[in-house]
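Subject: Structure handover

Hello,

I am passing a structure on to you, with notes on what was found in it. Please look through the sequence and the model before reading further.

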Amino acid sequence: MIKTTHKNIDWLLILLSVALIAIGWINIYSTTANDFTSFNFQANYGKQLIWIGSAIILALFTMVINYRFYPSFATPIYIIFTLLLLTVLFIGNTTKGATSWFGIGNIGIQPAEFAKYATCLLLARYVSDKDCDLTKSKHLFIALIIIIIPMIFILLQNDTGSALPFLFLIFALFREGLKSWILISGFTAIILFVLLVFLNQWIVVGIVSVILFTILWLFRKIKRNYPGVLLIYALIIVYIFSIETVYNKVLKDYQRARIETLFGKIEDAKGIDYNVIQSKIAIGSGGFFGKGFRNGTQTTLNFVPEQSTDFIFCTIGEEWGFVGSSFVLLLYALLICRIILRAEQQREAFVRVYGYCIAFIFFAHFTINIGMTIGLMPVIGIPLPFLSYGGSSLLAYTLMLFTFLNLDAKTNHWT
Amino acid sequence: MNFKHTYSNRKWVIFSFIISIFFIYIIRLLFLQVFDDQWDLKAKGNALRYLTDYPPRGLIYDRNGELLVSNTISYDLMVIPRKVKLTDSLMNELCTILSITPDDFMHRFNKAKAYSPYVASIFDRQISDETHGYIEERLHRLQGFYVQPRTLRKYLTSAAAHSLGYIGEVNYPEMEKNPYYKMGDYIGKTGIEKSYEEELRGIKGCQILMVDNLNREKGSFQNGRFDTAAISGKSLWSSLDKDLQEYGETLMQGKRGSIVAIEPSSGEILCLVTSPSYKPELLVGRERGRNYRKLEQDTFNKPLFNRALMAQYPPGSTFKLVNALIGQQEGVIDRNTRYSCHMGFAYGNRVLGCHAHASPADLVFSIQTSCNAYYCRTLKAILENRRVYKTTKEAYDAWHKKVLSLGFGQKFNSDLPYELKGNIPKSEYYDRYYGLNRWKATTIISIAIGQGEILATPVQLANLVAIIANKGYYYTPHIVKAIGHKDSLNTRFLEKHYVDVEEKYFFPIIEGMEKAATAGTVRSAAVPGIRIGGKTGTAQNPHGKDHSILVCYAPIDQPKIAISVIVENAGFGATWAGPIASLMIEKYLNDSIERKDLESRIINSILY
């Protein structure tokens, strides 16, 4: 049995994750080590080494468990972590306004990271059920509830960043039969929102009307459902006019400012874009080949905030240049695509859905985090999987990936 | 087969979405890192502090190796406006440390910002050691500020202010002319400091330091790979004799005028006294600006005016030496030429007067007694020499050329900045003034005795004596003997300039000058036991009483010092300039003064 297991393990995925962890550690060392001569386990790079050790043990443990454990225990795992999210609200510690972690001794555990894992498991379990049909509203509703419950708790912790990746699980649902129009409306909503940041709502209404009537005219030979079209049109207009209220009343000042600085509408609003500017300076000054290991001035001299956690990519950009940073991008793209590829080859629906779920969790972090450091996304504090300093995220992503590797190795593939 | 695989094609939508995000990010990185270099500049502005390493300025010694000018260290507080986060607490703290008002603070800050928000400007110059220590401890709170060490000048003599010159901060024209200089750098403004600026300043070094986000120093950038070491300025050995210079200034106390002494065998200037003067240390340090304004506003004494180089006097009778030389060279007189003089020279219906002396006078006696008529006739003979020159103008031009060869009417282009050239008018000037061919020897007869349009500077007069002492040549008078090494010679001034008068014509002149000192007009300049030769001058001028002028050199047989003394509005040359020259020669050749009575009479006389 063990022999066949070995054969089926996807060593490429292991290699990619090990490479990312190694790159992460080198860069954490670069920013947090004060000198080369001594090794300090109290410093972040030293602690991270301990976390990496723990992650290896966790990975081995995850691999040897019988793969049937995961679908069977998906529900209890989900319940446990959701409850943890609830308890952290009451007894958790607060950093930067977010009550999101437990302090155990001198280590902190952030249950939100593990909740992603739990959500992926339960979502995969539910959606892979033979009876589940996402085109049916009831089933779709349940699937969405699975995603939304942990999100609500995380939002209650005031940790918007950690809640955002859950939304990316919609893509996994899309693969499993979610109606296309839902995704299309989602994207339309985002595009309209961006337009509304720049333009007056009446102009946006005008643009939408012109586009809609052009489409109607171009496809005039196709039979149409006029009440449907009218409904869509009405919904869009309601959305456009409600967005202003949402934008001004629901979003907090700092969130509005982050969005507006992203689009260059306001400049240096009380130093809100300090982080982004410093981050762009660090990455931009790296040039093609970078300044070399430990030669980055912006990151080693603390100009970039959170440089070993959320802004770790700045160190890579500055010290390893375009070569280094595009290599890291490539590693992530390969990791995500590889997971999806393996998932697609699965006979077991559970493994496939689970693969998609974790691929999109990785993708969410990759897109938001790197997008933020290069000024394409608003500042949202989430870690870069495997690279950022921090035990919870490293352990959580190890758990996610190695659970998949276990499932993937021991179940049947289409050939 | 599971029915859900009907959605399998959606994986392509998903793949293309992921891959397009990947490419968008790659392209964004390409622009950020490869195509746009503003980030690199901003990064350097963030983390690097370019500390200029100012080399010590070269020292200045006198001809005997005595130190005249050395250096002392001082600190400037610099500010990089963009890096400053203006808060009340920062302002209060700095205002207290520097004891300035908040208004003053904002004024300085805005001035620095107007110059450049990114480049360091001086916020407060030459702060005290105590303030320096205080600030150094608090630098982490004073983001955008740092302390820059500099060297300042320290003078070990209170004399020779004009020759040594002073240094000051560069101004915009100087910075534009030479990009080496940056805001706040020091540059020689006058004197040796100016003419030897490049040798003295050395070459600035640059040290690149890293600072972190809290403006704390974090060591050198890339282990100093891009640092350059400062190269110290070269030391100079001035030709000045410190003792003689100081003595000359003492003698000139209370008098206006100048003393210039030259070593004939080298052209080295031994002293360059101008009076009234100022103490060089006044133009150093925090009070420099105020002191400078005070000196500048003293329009009565004009202490900043370097009379030795810039005052242009009618040379009076000393100019007779010139005409005596040229007359012989032109062949219109020789040592036996005799002209009679009965209290002057009559031309047309006018008389240019002379004093009572034996008549007729030969060449030697004419110098000894300073006969006016003799030189009027000589000049007349030169200009009316129709055997050689067809017209007066032609004769005048020949005379003019020879006068210029004697160092008059032009600048020496020496190492003395701001010299003036005096005035020896060209024939064209007279053509313009009197009309073409409307002037002749008697029209311009006063130039025979160094009056009229003729003007000379004290250094030109001293040089004339040096030429006579050398019997026909001179070295450009200069004030720096050696650069970098005491025994090296300033190669700029090794060339002998021969004058347009042959050696043999100098002997009668020298004889006359010596006789003047023993039994003529120059007796007051005599030094017991030393053979000297000299010539007085009493220059009429529009500013009041005549200037007292005397030129002389000593010893006759082996000239060591040629000297010109001018005391403004002091009367006869013999009265004031004579004794001063005498004491200077005694001081220089004997190193001590025996005639204490004379000395104290001169020192204590106040003539203005």
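In which helices of chain A is confidence lowest and highest? Confidence here is pLDDT, the predictor's value for each residue, from 0 to 100. The lowest mean in chain A, 56, belongs to helix α1(A) (residues 2–8), and the highest, 95, to helix α17(A) (residues 349–373). Chain A as a whole has a mean pLDDT of 86, with 94% of its residues at 70 or more. Where pLDDT is low, the predicted coordinates should not be read in detail.

The model is predicted, so local features were required to have pLDDT of at least 70 and side-chain atom pairs 80 or more, while totals for chains, interfaces and linings use all residues. Residues are numbered from 1 along each chain as its sequence is written, and chains are lettered from A and ligands numbered from 1 in the order in which they are written. Helices (H or I, at least four residues) and strands (E, at least two) are DSSP runs, numbered from the N terminus.

The contact between the chains

Two residues are in contact if their C-beta atoms, placed from the backbone, lie within 7 Å. The contact takes 37 residues from chain A and 33 from chain B. On the side of chain B that touches chain A, the elements giving two or more residues are α1 (10–35), α2 (38–47) and β8 (205–211) of chain B. Of these, α1(B) supplies the largest share, 16 residues.

A sheet in chain B

Five strands of chain B form an open sheet with antiparallel pairing, in the order β12-β11-β20-β19-β18; strands pair if DSSP finds at least two bridges between them. Strands β12 (268–275) and β18 (533–541) of chain B are at the edges with a single partner strand each, so one side of each has no neighbour in the sheet. Within the sheet, β11(B) (residues 257–263) and β20(B) (residues 561–567) run antiparallel and are joined by six bridges. A261(B) stands opposite I563(B) in β20(B). Helix α18(B) (residues 458–470) packs on the sheet and touches β11, β19 (544–554) and β20 of chain B.

Burial

A residue is buried if 20 or more other C-beta atoms, placed from the backbone, lie within 10 Å of its own, exposed if 12 or fewer, and partly exposed in between. F412(B), in the loop between α16 (392–405) and α17 (427–434) of chain B, counts as buried because it has 21 C-beta neighbours inside 10 Å. Leaving out residues up to four places away in sequence, F412(B) touches E419(B), T476(B) and P477(B). In chain A, helix α18(A) (residues 391–410) is mostly covered, with 17 of its 20 residues buried.

Backbone details

Most residues other than glycine have a negative phi, and most peptide bonds are trans. The bond joining S359(B) and P360(B) is cis, with omega about -5°, and P360(B) lies in the loop between β14 (350–353) and α14 (363–369) of chain B. The bond from A554(B) to P555(B) is also cis, with omega near -20°; P555(B) is in the loop between β19 and β20 of chain B.

R294(A), not a glycine, has a positive phi of about 65°. R294(A) is partly exposed, with 16 other C-beta atoms within 10 Å. D591(B) has a positive phi near 70° and is exposed, with 9 other C-beta atoms within 10 Å.

Regards

Conventions. Axes are lines fitted to C-alpha atoms, for helices over the stretch in contact, and angles run from 0 to 180 degrees between N-to-C directions.
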